[in-house]
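Good morning. Please look at the sequence and the model on the screen while I go through it.

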Amino acid sequence: PDAKTVHATRIIGLTAQSRLVALGHGTVVNGNGRLRDLTPRQREILHWASLGKTNAEIGIIMGQSSRGIEYHMGEILRKRGVRTRIQAIVIYARENA
């Protein structure tokens, strides 16, 4: 990979790592002190996303609409406290390493 790609990957990794620490390794506690973790369906979506599948491809695999997958991905990002799919995937990869 070129230097620009390596630099971008490091930034993503550092951002995800700091988020991971802030989240206690991916678990978010809401205002009521309850844990907000991913549902089995959301974990499966994140698994397919980590393999490079698009929302449309994940929808076909799981028998859902692309829009349904987009909704779940939004919930995954919210629960993980991240802004991008890549950040969620990095956290997922570290949790499952």
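Helices (H or I, at least four residues) and strands (E, at least two) are DSSP runs, numbered from the N terminus. In those terms, the chain reads α-β-β-α-α-α-α along its sequence, with 5 helices and 2 strands.

Two notes on the source. This is a predicted model, where local features need pLDDT of at least 70, side-chain atom pairs count only at pLDDT 80 or more, and totals for chains, interfaces and linings use all residues. Residues are numbered from 1 along each chain as its sequence is written, and side-chain values use heavy atoms, with hydrogens and water left out.

Of the 97 residues in the chain, 31% are buried, meaning under 20% relative accessible area with a 1.4 Å probe, protein chains only.

Now one residue. Gln42 sits in helix α2, residues 40–50. Is Gln42 buried or exposed? Gln42 counts as buried because its relative accessibility is 4%. A polar atom of the Gln42 side chain lies 3.0 Å from the backbone nitrogen of Thr39. Leaving out residues up to four places away in sequence, Gln42 touches Asp37, His72, Glu75, Ile76 and Lys79; contact means heavy atoms within 4.5 Å.

Next, the helix pair. The axes of α2 and helix α4 (residues 66–80) come within 10 Å and cross at roughly 95°. Axes here are lines fitted to C-alpha atoms over the stretch in contact, with angles from 0 to 180 degrees between N-to-C directions. So α2 is roughly perpendicular to α4, a label for angles of 65 to 115 degrees. On the α2 side, the residues in contact are Arg41, Gln42, Ile45, Leu46 and Ala49.

Key:
Buried < 20%, exposed > 50% of the residue type's maximum accessible area, 1.4 Å probe, protein only. Polar contact = N/O pair within 3.5 Å; in protein donor to acceptor, adjacent residues only side chain to side chain. Parallel < 35°, antiparallel > 145°, perpendicular 65-115°, else oblique.
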